[in-house]
Structure formats: C-alpha cells, structure tokens
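This report describes selected features of one structure, taken in turn by region. The sequence and the structure are shown below.

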Amino acid sequence: MARYKHYDYDQLMMIPVSLEDQLVPGTLEYAIHHVVEERLDLNIFDERYRNDETGRKAIAPMVLIKIVLFGYSRGLVSSRSLERACRENITFMALACGQKPDHSTIAAFVSSIDREIEALFTKVLLICEEEELLGGTHFSLDGLKLSSNAAKEWSGTFADLKKKQEALERKVKEAVGEHRASDKREGGKYDPDRLKREKRIKRLKQKADRIERFISENEPKIGTRGKEIQSNVTDNESAKLTSSHGVLQGYNANAIVDEKHQIVLHAAAFGKGEDGTLMEPMLEGAKEKLETIGWEAPLKDREISADTGYYSVTNLEACKEMEVDAYVPDPQFRKRDVRFAEADRHRRSVDKRHERYKSKKRWFSVEDFQLDDRTGKLICPAGHGLYIRNRNFCTADGYKAIAYQAPKTACRDCPLRSKCLRNPKTVSRQVHVFYGKRPGSLTDEMKRKIDTPEGRRTYGKRLGIVEPVFGNIRSCKRMDRFTLRGRIKVNIQWMLYCMVHNIEKIANFGKNYSMVAV
C-alpha cells in the first residue's frame with residue numbers, strides 16, 4: 001500500500017522574514033528602493049498634508065511611489081492590483097515596509113502628483129547622468145498611440161452626439177410604452193421581467209442625460225484645419241487615433257530618447273494623433289530637463305531623428321530655431337532611395353495578379369506625359385502635343401515650372417477626356433512640369449539631406465534608439481492602455497512608466513547599482 005507524508009492544515013508555522021533581505025542588490029526593486037529612499041527629495045509632498053496635530057497619520061509618499069513604480073514594472077497598472085500585491089507579494093511587502101495602502105489611497109496619489117512628477121523625473125535623469133548613461137550625440141523622437149479609459153463609441157461631432165441622444169430618447173419612449181402595455185396585460189400579477197425593463201429604461205435615460213449634459217457644458221472641438229473634429233463624452237481630451245492596431249480612442253504618448261543606453265530625456269502625452277506640431281514642445285521639454293541637470297546648450301548641433309509623421313514645416317522651423325541637426329524624412333523618401341530600386345521583385349507570391357500593387361489613380365498625372373525633344377512639345381497619352389504656354393510659371397509656394405497646354409481641338413472629342421480632365425467643363429488640359437529648387441525651403445533642404453548616404457545612415461539609427469523603449473514599456477511592462485482620464489493624469493502615468501524604464505537602465509548599466517558593481 002502506498003505511503004504518503006503527513007500534512008495538516010491546522011498546524012502553525014512561524015516564518016521569520018527580513019524585508020531588507022528581499023531587496024537584493026542588482027535587481028530592479030533594489031534600484032527603485034535605493035533611488036527613492038536615498039536620492040529623491042520627497043519633501044515636496046509635505047505641504048499637501050494637514051495632519052501635524054490632528055487627523056490620521058498618512059502613508060509616506062516614499063512608500064507609495066515605490067509601490068507604483070515597481071507595480072508598473074510588473075505590469076500592474078490598476079490600483080486594486082497594487083493593493084492586492086501589497087498583501088500577497090513579499091517583494092511589494094518589503095518595498096511597502098509591511099504597510100498595506102488601499103486602492104483609493106494609491107489611485108488618489110497617482111492622480112494628484114502633476115506638480116511633482118516633473119521634478120521626480122528630472123532627478124532620475126540626473127542620476128542617469130551621474131552614472132554616465134547619457135551619450136548626448138544622437139536623440140530620437142517618436143510617439144506611441146495607446147488607448148485611453150474611454151470608449152470610441154462615445155465619440156462624434158456635436159451633431160452626431162445630438163442624433164445619438166435623440167435615438168436614445170426614442171428608445172426610452174418605446175421601452176416605457178412596452179412597460180406600460182406589459183403592466184396592463186399582466187393586470188397586477190407578478191411579472192419576472194418587470195425589474196429588467198425598469199433597469200433598461202433607467203440605463204437608457206442615464207445615457208441620454210449624459211450626452212445632453214456634455215453638449216450643454218462643452219464647446220465643439222476644432223481641428224488644425226479649422227473644422228470640427230470628434231469629441232468624446234467620456235474623456236474629451238483624448239482623440240480618435242489611427243495606429244497599427246486599428247482606430248482607437250486614446251493619447252499619443254511621445255518620448256525623446258538618448259542613443260547610448262536608450263534613456264528617456266522627456267516624455268509627454270498629447271490628445272492628438274498628428275505629430276506635425278509636436279516637435280517644438282518635445283524639444284523644449286528635453287532642453288529644460290537637460291539644462292536642469294547641468295548641460296549647457298543641450299540641443300545645439302545635436303543630431304535628432306524622427307519618423308515621417310513629424311515631417312512638417314512647423315516642426316522643421318522649430319528644429320531650425322533651436323539649432324538642432326534634424327533628420328526628418330518626407331513620406332516619399334524611400335521611393336527615392338537607390339537601395340529600394342528593385343523592391344518590386346519581392347512581391348508576395350500569394351498576390352498572383354499583383355492587385356495590391358496596381359495603381360488606383362483615377363486621372364492621368366504628369367508622369368503619364370512624354371517630352372518630345374525634337375519638337376519641344378509634351379505628348380499626352382492620346383498622342384496629342386501640348387504647347388508651351390509659360391516658361392517662367394511660379395506657384396505661390398515658390399515652385400518654378402514650365403506650363404504646357406493642349407489645343408482645344410485636341411481635347412474636345414478625345415476618347416480619354418474622362419481620365420484626363422477632372423472637371424467636365426474644362427476646355428483643355430494643362431500640365432505644369434516643375435524644375436529647380438525653392439531657395440531657402442526647409443522641406444527641400446531636408447529632402448536633400450536625407451537623400452545623402454550620410455543622411456540615410458544617420459536616420460537609420462532611429463529604429464534602434466526609440467523603438468526598444470516602446471517595446472519595453474508596451475510588451476515587457478504590459479502598458480497597452482491608460483487607466484486614467486484627462487491629459488494631466490494620463491501624462492502622469494506615462495511619465496511614471498518612462499521613469500521605471502530609466503531606473504531599470506540604472507539597475508542594469510549603472511556603475512553604482514548593478515550586481516557587478518555592488
């Protein structure tokens with residue numbers, strides 16, 4: 001007969017636990033504990049408490065920030081999960097020194113440190129500088145689009161929201177009518193579905209009232225083009241963003257990263273999907289923080305790379321004003337790259353008909369016209385010659401071109417007229433062949449800069465600088481959505497995650513924090 005060891009759940013065990021022994025040098029929890037305990041000045045939180053003589057003693061901000069930072073490093077974003085970890089996980093117990101803050105205390109603390117978070121982030125950046133983790137030769141800027149704590153179904157223009165409100169009110173009337181009809185039909189007898197109908201009516205009324213209250217208390221949001229854009233009833237500071245994960249309601253979390261060890265120099269979240277105006281605030285933020293830690297002229301002549309989303313006149317003007325050596329390619333730069341000249345050879349075999357690569361343009365463009373060197377005319381797809389109308393044509397933007405025009409008789413009965421003239425009332429086709437370069441154009445200068453071998457090589461560094469940061473935060477730290485609402489609170493959460501990333505770099509590469517050094 002088989003024999004087993006005896007066990008008894010009624011027995012008692014006394015297990016001595018040293019909280020300090022749980023924080024092993026060389027680990028992330030040790031680095032968080034040491035940085036917060038020894039290096040961060042948390043006296044800035046004292047003025048928010050008024051319990052010097054009366055009132056309950058508060059949990060120290062030092063304890064709370066350790067819990068939040070370590071929790072974020074483990075993918076624990078919600079305050080309830082952090083509360084549970086302080087009761088069940090020995091490492092959290094060690095960082096909290098045995099204290100057990102509830103979820104409301106943790107949530108209130110994270111949501112209210114908007115005035116202190118910049119100072120804390122800058123202090124961690126100073127530690128990175130002291131640990132010789134900053135290179136200062138090449139910075140990279142990019143954005144990570146993350147969902148907010150708001151549903152995109154509650155988005156729309158004010159006209160759309162008004163229609164939704166009216167639709168909900170109609171549903172309320174229909175539900176009330178069905179409810180009354182059911183009451184008459186039952187004749188006062190017990191109806192098991194009565195409570196469900198009442199809850200449904202109440203829920204529909206709440207939704208309709210919520211939209212009505214939002215419309216009365218807010219103004220329509222106006223986009224960069226002067227037209228109304230969609231608002232959101234739940235979090236109106238968030239925006240609808242198009243990302244690699246589809247359309248989401250959220251924020252555009254930006255970061256400027258140093259090349260040497262991928263240290264985040266500045267982080268900020270924006271409630272807009274376009275990056276065309278974000279270069280200036282991000283550069284200003286990085287400049288301010290680097291000056292605080294002792295750098296002189298921190299951005300002057302520094303290499304800064306950003307992807308094509310940041311290619312705009314506004315951003316390039318900001319780079320010129322701050323005297324940075326920017327590398328921001330236009331969306332068509334790969335088409336001009338000689339390394340991709342034979343890219344058509346690598347079409348997917350499953351696309352046998354090459355439908356994916358067929359042109360979808362509706363009208364003829366200037367590329368469809370051929371120049372006849374003998375006559376000097378421009379030959380259209382139908383074979384007719386366009387004569388030169390103006391050799392010194394100049395656009396309002398400064399582009400110079402030769403203006404060609406087709407004879408009226410050539411276009412009058414042309415079988416390709418529908419593919420050549422967008423407006424049926426147009427008499428004949430005109431074509432502008434641009435040449436030369438606009439003097440003083442920032443965009444033209446950037447194109448020429450990116451097209452050089454050195455420019456392509458410098459811009460190629462971007463992928464290995466900023467993308468690993470987002471990969472670490474999104475995949476390893478499991479930060480795939482913001483749990484707070486409002487740009488201020490979302491910005492706090494984003495900066496805390498970037499602080500965790502920087503402290504992890506200190507733990508891994510800092511000469512005074514890594515296991516080898518200790």
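## Strand E7 and its partners

In this predicted model, Lys240 stands opposite Gln249 in E7. The two residues belong to the pairing of E6 and E7, which is antiparallel and extends over five bridges. A hairpin is formed by E6 and E7, with two residues between them.

Strand E7 spans residues 246-258 and is mostly covered, with 11 of its 13 residues buried. It also pairs in the antiparallel sense with strand E1 (residues 138-147), over nine bridges; here Val257 in E7 is the bridge partner of Ser140. Strand E8 (residues 264-270) runs antiparallel to E7 and is joined to it by six bridges. Ile256 has His266 in E8 as its bridge partner. The hairpin of E7 and E8 has five residues between the strands, and Gln262 there takes a positive phi near 60°.

## The largest pocket

Strand E6 (239-243) also contributes to the largest pocket, together with strand E3 (221-222) and strand E5 (231-232); each supplies at least two residues of the lining. The largest share, four residues, comes from E6.

The pocket holds about 630 Å³ of space. Its lining comprises 26 residues, and Gly223, Thr224, Ile229, Lys272 and Glu274 lie nearest the centre. By class, the lining divides into four nonpolar, 14 polar and eight charged residues.

## The five-stranded open sheet

Five strands form an open sheet with antiparallel pairing, in the order E11-E12-E13-E14-E15. Strand E11 (370-371) and strand E15 (430-435) stand at the edges with a single partner strand each, so one side of each has no neighbour in the sheet.

Within this sheet, strand E12 (residues 378-379) pairs with strand E13 (residues 385-394) in the antiparallel sense over two bridges. Ile379 stands opposite Gly385 in E13.

## Helix H10

Helix H10 covers residues 313-321, and its buried residues are Asn315, Leu316, Ala318 and Cys319. Viewed down the axis of H10, these residues fall within an arc of 155°, and they therefore line one face of the helix. An α-helix has 3.6 residues a turn, so residues three or four places apart point the same way.

The buried residues of H10 pack against helix H9 (279-292), strand E10 (325-327) and helix H13 (442-451). Lys320 and Glu321, on the other side of H10, are exposed. Just after the helix, Glu323 takes a positive phi of about 60°.

Definitions and conventions
Residues numbered from 1 in each chain as written. Predicted model: local features only at pLDDT ≥ 70, side-chain atom pairs only at ≥ 80, totals over all residues. Heavy atoms only, no water. Buried < 20%, exposed > 50% of the residue type's maximum accessible area, 1.4 Å probe, protein only. Arc of directions from axis to C-beta. Contact = heavy atoms within 4.5 Å. 1 Å grid on protein atoms, 1.4 Å probe; cavity = no way out; pocket = protein on both sides within 12 Å on 5 of 7 lines; lining within 4 Å. Points joined across faces, edges and corners; volume = space filled by probe spheres on them. Nonpolar A, V, L, I, M, F, W, Y, C, P; charged D, E, K, R; others polar. Pairing = 2+ DSSP bridges.
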